[in-house]
Amino acid sequence: KNSVKAMEKELVTWSLQGREKAALQRSQIFQSPGGKDLDTKVIVVLGKAGMGKSVLVQKICQDWSNGEFSQFEFVFWFDCKQISLSEKRYSLKDLLLEFFVKPQEGSKEIFEYILQNPAKVLLVFDGFEGLHDHENVPRCSASQPEKDLCNIKDLLLGLIQKKILNGCTLLLTARPKDKVYQYMSKVDKTIEIVGFSPQQRELYITKYFEGLPYCDNALKLIKEHEYLFSHCYSPVMCRFVCFLCETILEMGDKSLPSTLTTIFLKFVQQKITPMQTDIIAMQNQESLATLARIAWYLGGKHQSAVKSDLLPSKEVKEFALKYGFFQPFAFPRLSDSGEEEFGSTFSDFVIQNFLGALHLMLAEEVKDKSLTKYLSFQSKKKKPYNWLDLVPRFLAGLLFLQDDPYFCFLSSKDVNQSTKKQKTLLKHIRRLQINELCPERLLELLHCIYETQSNYLLQHVALRLKPDLSFLDVVLTPPDVHVLHSILKKSRKEFSLDLRNSSIDMQGLKDLIGLKNVASFRASLSDTVRLWNSLEQTKDYELLRVSTEKFILDPFKVKTMKDVTDLSDLVEMQEKVINCVQDASGCSSYEIPAIKNLRKIEFALGPVCGLQGFLKLVEILAAFPSLQHLDLDALSENGIGDEGAKSLSEVFPTLTSLETLNLSQNKITDVGAEKLATALPSLSSLKTLSLYNNSICDFGAENLAKVLPVMASLRVLDVQYNKITGVGAQQLTDSLRKCPHIKNLVMWNPTIPYGVLEHLQQLDSRISV
């Protein structure tokens with residue numbers, strides 16, 4: 001379980017710059033980082049619903065048909081939400097050559113060729129989360145899976161576990177939060193689709209309206225509604241917003257709805273209400289209510305598709321197809337004599353979410369008291385009740401729109417019932433321990449509150465947010481940033497934000513740190529340096545000054561080579577920032593507080609890059625005048641050795657504030673100890689020095705003993721678990737008599753005879769073992 005959680009976390013934590021550097025072209029999907037074709041075989045493409053995973057795999061198939069990806073002679077593409085409905089059992093041959101495409105002749109020979117040449121086969125399963133069992137850990141039960149008849153799930157599991165067609169390439173698409181993590185040990189490469197950048201959003205909108213007389217007006221109108229524009233990072237939402245904007249502009253209107261809920265209300269209204277009689281309107285209301293019930297039912301089963309013969313009536317099916325809520329599809333026939341089966345799937349995941357929420361709003365059997373279990377911001381980190389993760393937002397929005405003319409046309413239900421449900425939601429939110437919510441649940445709550453547009457609720461939540469808000473390693477999408485910004489702005493409190501590894505975009509970072517009541521923030525160093533560069537180039541010196549004053553760096557932990565590089569870039573940036581701020585403010589002396597006040601650096605790079613990274617870090621240590629604690633004791637060991645110790649000793653005179661130096665477990669020998677000892681007296685503030693678990697012998701101990709009397713500030717020295725013998729121990733003890741300022745000398749070593757150490761401890765009680 002822990003390894004699965006760790007994998008899940010690794011897949012979603014990036015700085016914005018890190019994401020951009022790791023970006024792939026389509027042509028690189030089947031390549032290793034070195035640019036060669038992968039020998040590995042299972043590739044997973046992750047992305048939230050509506051991010052374009054299906055479009056990507058369709059484009060890959062199209063590219064292959066045009067001659068790209070020539071390493072594959074066969075490409076088979078399956079839409080999992082359709083094939084999951086099939087209850088028939090198949091052999092691998094049926095799946096590939098009957099279910100997918102039936103050759104006119106030579107099926108047996110083609111299948112034999114596929115079995116003998118699996119490396120030339122690409123199998124694409126789009127929407128993989130729709131296939132697997134959501135309750136049990138998956139296992140392939142077939143004894144001879146390439147020949148036996150299996151259900152679709154067993155066949156796919158056999159492929160992933162490499163029991164079937166071992167050597168083929170599998171490309172799976174899935175949503176990040178689903179149980180795809182059960183299979184991560186089998187996955188060779190993971191790719192995430194993160195949506196449009198602000199520039200791509202503008203490009204999409206411009207292309208959508210290209211050639212229309214109101215092209216420029218459309219982009220301007222959408223960008224003016226910042227919340228809607230933020231949602232355009234999702235391709236599906238961008239298309240919805242464009243469609244609605246087009247409809248509104250054609251009608252001569254000049255305003256867009258302000259929330260997602262009102263967008264979809266208007267969207268549904270535009271679809272089904274023009275030029276209707278009362279009778280048709282009533283029929284449409286009934287059909288819509290039935291469709292909403294189906295949406296919710298399927299969501300509970302983690303499905304979006306249904307066999308057409310399972311729909312309650314022909315009228316509902318025709319209604320859904322006519323107004324674009326459903327898309328039809330045909331099941332492949334395994335024999336020419338069989339009857340053709342048809343199915344329907346919701347044309348869009350977001351539509352299914354909206355209709356699911358509409359069902360909870362309209363259904364009489366959903367009592368007001370049971371409503372809260374369908375919301376996903378409980379104080380404990382429970383799983384959402386339903387797979388339709390946007391339902392809580394739409395539900396909250398609908399509960400506060402019951403008097404809205406757009407809502408009234410959807411239902412003839414009793415308004416009093418809706419009012420009771422609204423009061424239940426209000427009571428539930430008032431009882432919530434908002435300051436105890438984990439970041440993901442807090443964001444979900446903020447979205448729900450924003451959808452209500454209730455001033456009371458917005459103010460209620462704003463006043464109860466805790467002052468330290470951490471979104472460390474939590475991806476913040478543009479809509480997340482917008483609602484967070486809107487609610488923070490309403491609070492009278494001062495906030496400290498941790499935005500590290502949140503993938504927050506540049507505009508979002510500017511907006512949040514520009515708030516007067518955001519007193520301090522942490523962000524990925526590379527993103528912060530890029531922000532400051534951007535502000536310097538645009539001559540926004542006031543925000544540059546504000547952001548440098550609010551930025552926090554302490555404590556700083558070095559875990560990768562990139563951390564060292566980013567810290568160096570920050571120091572290098574300092575002079576440019578200082579000049580800009582001094583010129584703009586007329587201040588004659590200015591220092592970046594984060595650099596000036598950095599007190600602790602933890603170095604945990606590990607043995608592979610430890611020395612290389614440390615030598616680079618040493619070059620900039622003098623830039624931190626308040627550095628008090630330098631800790632190189634990492635669990636993975638850094639191994640800076642004598643070379644690192646020598647390099648560090650050379651900058652000791654600049655570290656005037658250093659109080660704690662931990663060089664434990666770093667493979668330092670007598671050579672390094674001698675270099676350190678020579679320079680240690682220049683550390684005028686040093687109180688604690690740890691050389692625990694190195695390779696220091698008697699010569700190193702002798703050199704340390706010589707300098708102890710002149711190190712007036714030193715209180716604790718730890719040299720245990722080295723290779724010091726009784727000779728070195730005696731020298732340290734003799735030196736200790738001249739050092740009344742030292743409180744503790746930790747000296748147990750396996751090479752010191754126990755009787756000797758006990759004797760020395762009796763001579764000086766400050767010696768501990």
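**Salt bridges in the predicted model**

Reply: Starting with K562: this residue is partly exposed, at 30% relative accessibility. Keep in mind that the model is predicted.

Me: Ok. Which residue does K562 pair with in a salt bridge?

Reply: D566. The closest N and O atoms are 2.8 Å apart.

Me: Where do D566 and K562 sit?

Reply: Both are in helix α25 (residues 561-585). They are four residues apart, so about one helical turn separates them.

Me: And is D566 buried or exposed?

Reply: D566 is buried, with a relative accessible area of 7%.

Me: Switching topic. How many salt bridges does the count come to?

Reply: The count comes to 19 salt bridges.

Me: What does E444 pair with in a salt bridge?

Reply: E444 meets R393, at 3.2 Å from N to O. This pair links distant parts of the chain, 51 residues apart. E444 is in helix α19 (residues 439-452) and R393 is in helix α16 (residues 391-399).

Me: Is E444 buried or exposed? And R393, buried or exposed?

Reply: E444 is buried, at 10% relative accessible area. R393 is buried too, at 14%.

Me: Now K706. Which side chain does it meet?

Reply: E702, in a salt bridge at 3.9 Å, N to O. Both lie in helix α30 (residues 698-707), four residues apart.

Me: Is K706 buried or exposed?

Reply: K706 is exposed, with a relative accessible area of 56%. E702 is partly exposed, at 28%.

Definitions and conventions
Residues numbered from 1 in each chain as written. Predicted model: local features only at pLDDT ≥ 70, side-chain atom pairs only at ≥ 80, totals over all residues. Heavy atoms only, no water. Salt bridge = Lys/Arg side-chain N within 4 Å of Asp/Glu carboxyl O. Helix = DSSP H or I, 4+ residues; strand = E, 2+ residues; numbered from the N terminus. Buried < 20%, exposed > 50% of the residue type's maximum accessible area, 1.4 Å probe, protein only.
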